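Dear colleague,

I am handing over the structure below, followed by a summary of what was found in it. Please read the notes on cut-offs together with the findings.

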Amino acid sequence: MACLAPPQFKWPLSARGAAASRDPPAAAAARPVRVHCAVSSAAVIDAERVESLSVFGEAILNREAVVAAAAAEAVALARAAAEVAGEVARMAQTDHRPDIRRRDAQDGFLAREVLRTEGVVAVRSARRSERRARRVRAAMKAAKSFSIRAPVESSSRKKRLKGCRNPLACFYKMTGRKLLTAKQEIELSEGIQDLLKLESIQKELTDYNGGEPTFSQWAAAAGTDEDTLRKRLSYGVYCKNTMVKSNVRLVISIAREFEGPGMEFSDLIQEGMQGLVRGAEKFDASKGFRFSTYSHWWIKQAIRKSVLEQTQIIRLPAHMADASARVKECSRRLRRELNRLPTNDEIAVDIGMPIRRVEAAMSLPRYTVSLTGKVGCTDVTYQEIMPDTSAETAEEVLHRWLMKKDVDRALDSLSPREKQVLRYRFGIEGGRPRTLHDIGQLMGVSRERIRQIEMGAFRKLRSKKRVQSLQHYLQPAESW
C-alpha cells in the first residue's frame, strides 16, 4: 500500500493580503484587543505583522488540506473508472462469460471505496486478474475456432453429397455452356468418324490374330506412327465427348415425355444418353442437317425400347410394340375423323401395313390382371375360375385307365417273351423306353434276335380282332 503525501504550495507575498481578507471572522477572532499604552508606533506595527502572519499560516494549512483531499478523491475516482472500463472491455471481448472476474472487480471496487472514505487511497495489483482473463480468452478462442471449423466441414460435405445424390444436377453439370455451330459439328463429326475407323482396324486385327494387337501393330495397320495414332485417338475421343456433352439438355427434354410410373427419370436419361452416343457415331455432317435433328430419333428409340422392356410384365418384341403403338394411334385418329370405330382394312390402308400384321398388333395383350384379384364385385378370384391346363380332369383319368386296361388285354394275347419285349421297348415296364441292345442284355440274347421278336409281335397285333378295341383311342392327325 502506498500513501500520497499532500502537495506543498508556495504563495506569493502579494496574495497574503487577499488570503487574509477572504476569512475575516477567523482573523477577527484571533486578533487580540489593542491596549492604549505608551508604546511606540514601531512596536505596534511589528505586533500586527506577527498576528497577521499567524492567521495567514493557519488559512494556508486549511486550504492545503482541502486541496489534498480533493486531489486524492479525484485520483481514486479516476483509477476506479479506468479499472471499470477495462473490466467492461474484457467482458465485451469474452462475450460476457467470466462471472468470477466480474465479482472480483466488484469486490475490489468496494474495498477501494471503503479505504478511500477512511482517508487512505489503496491501489490493488491487477496482474492476477489479467492473467486469468488471458487464459479465459485463449480457451474461449480455441473453443470458438473449433466450433466454427466443424460445421463448415460438415456443411461442405453435405453439399458435395447432395450434388452427387442428385442425378439431374450431375447431368446439367455435364452440359456445355454454348450450343455447337454447324461448322463445329462438321469438325467434330470428322474426328468421330476417324476414331471409328481406327477402332474398326483394331477389331479386324483382333479377329485376325486371335488376340489383342499391340499398339505398334495397330499403328502399322493404320499406316501411321505411334505418336500420330495417339493424337488421332485422343482427338477423336475429345470430339465424341464434346458432341455428347453439348446435347445433354436435348436428352433431358425428350426424357420428360416418357416420365411416368414405369421408370425413374434418371434411368430414362441414362437410356437417352446411350441413344445420343449411338447417334453421334452414326452422324454424317455432309448430309446437310444438324446433329440435334438427327440424334432426336436415336434418343427416342433408345428410351422407348427401354420402357417397353422394363415396364411391361409381358415382354413384347420391339417391332411388335412399335406396330401396336402405330395401330393404336391410327385407330384413335380415324375414330375422331369417321365418328365410328375403324376396321382393320382401313387402318392397314392408312398406315401402309399388311392386314395380317394389323390383326396381330390388335390381338396383343393390352393389360394384365392379378390371379388373386376379385372378379367384379364378387368374392370370386380369377385363380378360382381359370382352368389349370396341366392338371388332369376326371374324364382324362378315366380315359387313361381304360386305355391301359385294353392295352394289357391286347398284350395278353401274345407269348410271354413277345409281351416282355414290347413292355421293355415302349416303357410300359420301368417307365422309360429301352433300346434293342439294352433289351438283349437284359434277356441274354442278341440285338438282332430282339428285333425279330418285336416284328413278330407287331404282325400278330395288326390283326383286326386283336386291335379292334384300341381303334377309338387313336386321334386323327388333323386334330394334332
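The protein has 21 helices and zero strands, where helices (H or I, at least four residues) and strands (E, at least two) are DSSP runs numbered from the N terminus. This is a predicted model, in which local features need pLDDT of at least 70 and side-chain atom pairs count only at pLDDT 80 or more, while totals for chains, interfaces and linings use all residues. Residues are numbered from 1 along each chain as its sequence is written, and side-chain values use heavy atoms, with hydrogens and water left out.

Of the 480 residues, 24% count as buried; buried means under 20% relative accessible area, exposed over 50%, and partly exposed in between (1.4 Å probe, protein chains only). The protein exposes about 34,700 Å², of which carbon and sulfur atoms supply 56%, with accessible areas coming from the Shrake-Rupley method with a 1.4 Å probe, and only the protein chains shown counting as cover for residues.

As for salt bridges (a side-chain nitrogen of Lys or Arg within 4 Å of a carboxyl oxygen of Asp or Glu), the count comes to 18. In one of them, arginine 290 pairs with glutamate 185, and the closest N and O atoms are 3.1 Å apart. Because arginine 290 lies in the loop between α11 (265–282) and α12 (291–311) and glutamate 185 in helix α7 (residues 182–209), this pair ties together parts that are 105 residues apart in sequence. Arginine 290 is partly exposed, at a relative accessible area of 36%, whereas glutamate 185 is buried, at 6%.

Lysine 300 forms a salt bridge with glutamate 257, with 3.7 Å between the closest N and O atoms. This pair links distant parts of the chain, since lysine 300 is in helix α12 and glutamate 257 in the loop between α10 (248–255) and α11, 43 residues apart. Lysine 300 counts as partly exposed at 25% relative accessibility, and glutamate 257 as exposed at 51%.

Methionine 386 has its place in the loop between α16 (382–385) and α17 (394–411).
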